[in-house]
Amino acid sequence: MTAMTQTQPRENALSSPAIVSLKGISKTFSNGTVALHDLSLDIRQGEFVSLLGPSGCGKSTALRIITGLTGPTSGRVDWPQEAARQAEHDLSFVFQEPALMPWATVFENVWLPLRLKGISRKQARERVMDALDMVQLTQFSGSYPRELSGGMKMRVSIARALVTKPKVLLMDEPFAALDEITRFKLNNDLLHLWETFGWTVVFVTHSVFESVYLSDRIVVMAARPGRIVHDIAIDAPYPRGEEFRTSPVYSGFCRTVSEALHGAMASGDHL
Amino acid sequence: MTVSYAPKAALTEQTPVPLDAEEMKRARAARVESVGRRVIPVAILALSLVLWDRLCVWNEIPHYILPRPGLVFETLLADWQILFVALLNTLKITFGALFLATAGGLGLSVLFTQSKWIEISFFPFAVILQVTPIIAVAPLILIYVDSIAAGLLICAWIVAFFPILSNTTLGLNSADHNLQNLFRMYGASRWQTLRYLRLPASMPYFLGGVKIAGGLSLIGAIVAEFVAGTAGSGSGLANQILEASYRLNMPRMFAALILISVTGILIFLATTLLSHLLLRKWHESALKKEA
């Protein structure tokens, strides 16, 4: 049950170097909960990896450990391409909620990461507008978050994550609170941006369909203790669009991943 | 990817022309309410003044028991010289205390949220100052402090600063957790987190505190003046009331009372306006609700 199956190893992914490498990560919280047990995972440059699993499997904890907000109880996180002891990594985070500052305009919200690095409004202007352009919100730069719809707020949140031009984008169930139409649109937008700019994306989700549609690799996790049970490559070509969403290949992958997920849930005790 | 969003204004500007009976009724009710909101309070106030006047006449109440409103107004004009000086003295204490309470409350709450040890150490003192009735402490303060003005200021400050301190502390601690994580992830300094996250997040709470403190600083100033009971150059409206009561000068007592009330109302309106101006762009409390 702890055996990890590498269903379909891919040559191109294996050949690109790891950008983040989790080695034997365990995390036990002070209340005794074992959130993660001996988790090892190489995330390679340019990959779109989804962490998929039932609630309580530690996928969000794994993401927080990558950011450095939480330290592992044992094991370590390596950034092979960065200088040793580099304090800040080239990463951005998108939360489940948009987490915008309600008192600041869209422009000021996206400017925030640059502002914290001491870049003035004038110097940041071009980069902020570029980021807003990526999510098609340039004309809303002067609006306040409350004037925007849920999907637009999420796009502001994504623009804020992109404005620093990160190498790694970490997303913690970013579209879970949105309706399906908005979610499909944002899925497409995100894929398009990823194909254009080629960052590495680590995407936490509990939706099989979303993860298959987006990722080129799905890591299935099980709970109690949180661990990896399957590592499935989704070998379908990009760009992916509506045809892919309705194709037999897509449903085939969904079935494979669903079965893996059910296996993962059965192997742990009940939810 | 090519969807463009129409600006909101374009949607709201066009009015659907033929209204059904129910909507017409609703629109008329809204118009009546908006007029009534302004007219009714004024009318009721005027009516009660007339009633006051008539009661005095019908029952032949002498002016040294209950003066007629006209006489109060005449006294207000006739004694304006004395009352205006007293008003200025009271205002000086009130606004001095409000300013110190705002600065002190804000400063202390920022200090409290920077270190929980400071908060644990000093919060009990703030509570003790708040729960001990000022009227019981005022005599001590006025004995220990040489300058009467300074004594009055301290009394009014003690009453007024606590709501600002406790509200702002709550506000500084209620910044969104995801945003706090985000600030940490981007390596924000303590000062940056305070300046860009905690202070703006605490703004509605702080302004709520200022609104309460505005009224309390006037109350504190008046209570302290009563205790001090000074006559002469430094005396305020409370002293005028005391002095007038010794002489059974009822009209002047009422005139001073009216000045105190009006001051309180103006402070309330000013703090409400300030709060509205600072929050209208983003905070839920300042937004017009759509029916």
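What follows is a walk through a predicted model with chains A and B, from domains to single residues.

Residues are numbered from 1 along each chain as its sequence is written, while chains are lettered from A and ligands numbered from 1 in the order in which they are written. As this is a predicted model, local features need pLDDT of at least 70 and side-chain atom pairs count only at pLDDT 80 or more, whereas totals for chains, interfaces and linings use all residues.

Let us begin with the domains, whose bounds come from an automatic or database domain assignment. Chain A is divided into domain 1, made of 5–90 + 167–267, and domain 2, covering 98–165. Taken over C-alpha atoms, the centres of these two domains of chain A are separated by 26 Å. Their contact takes nine residues from domain 1 of chain A and six residues from domain 2 of chain A; two residues are in contact if their C-beta atoms, placed from the backbone, lie within 7 Å. On the domain 1 side, helix α6 (residues 180–197) of chain A gives the largest share, four residues. By class, that side has seven nonpolar, one polar and one charged residues, where Ala, Val, Leu, Ile, Met, Phe, Trp, Tyr, Cys and Pro count as nonpolar, Asp, Glu, Lys and Arg as charged, and the others, Gly among them, as polar. In chain B, the assignment gives domain 1 (19–58) and domain 2 (69–284), with C-alpha centres 34 Å apart.

Now find the open sheet in chain A, where three strands run in the order β3-β2-β5 with antiparallel pairing. Helices (H or I, at least four residues) and strands (E, at least two) are DSSP runs, numbered from the N terminus, and two strands pair if DSSP finds at least two bridges between them. β3 (34–44) and β5 (74–78) of chain A stand at the edges; each has a single partner strand, so one side of each is left without a neighbour in the sheet. Strand β2 (residues 18–28) of chain A pairs with β3(A) over seven bridges and with β5(A) over four bridges. Along the β3(A) pairing, A:Val20 stands opposite A:Ile43 and A:Ile25 opposite A:Leu39. Towards β5(A), A:Lys23 stands opposite A:Arg76. The hairpin of β2(A) and β3(A) has five residues between the strands, and there A:Gly32 takes a positive phi near 95°.

Why does A:Thr200 count as buried? A:Thr200 has 23 C-beta neighbours inside 10 Å, and a residue is buried if 20 or more other C-beta atoms lie within 10 Å of its own, exposed if 12 or fewer, and partly exposed in between, with C-beta atoms placed from the backbone. Leaving aside neighbours within four places in sequence, the contacts of A:Thr200 include A:Ile19, A:Ile43, A:Gln45 and A:Lys167. A:Tyr238, 38 residues away along the chain, has its C-alpha atom 15 Å from that of A:Thr200.

Next comes the contact between the chains, which takes 16 residues from chain B and 16 residues from chain A. On the chain B side, the elements that give two or more residues are α8 and α9 of chain B, and α8(B) provides the largest share, six residues. That side of chain B has nine nonpolar, four polar and three charged residues.

Just after α8(B), B:Gly187 takes a positive phi of about 65°.

Our last stop is B:Glu243 in helix α10 (residues 237–246) of chain B. B:Glu243 counts as partly exposed because it has 18 C-beta neighbours inside 10 Å. B:Gly229 is 14 residues from B:Glu243 in sequence and 9.0 Å away in space, C-alpha to C-alpha.
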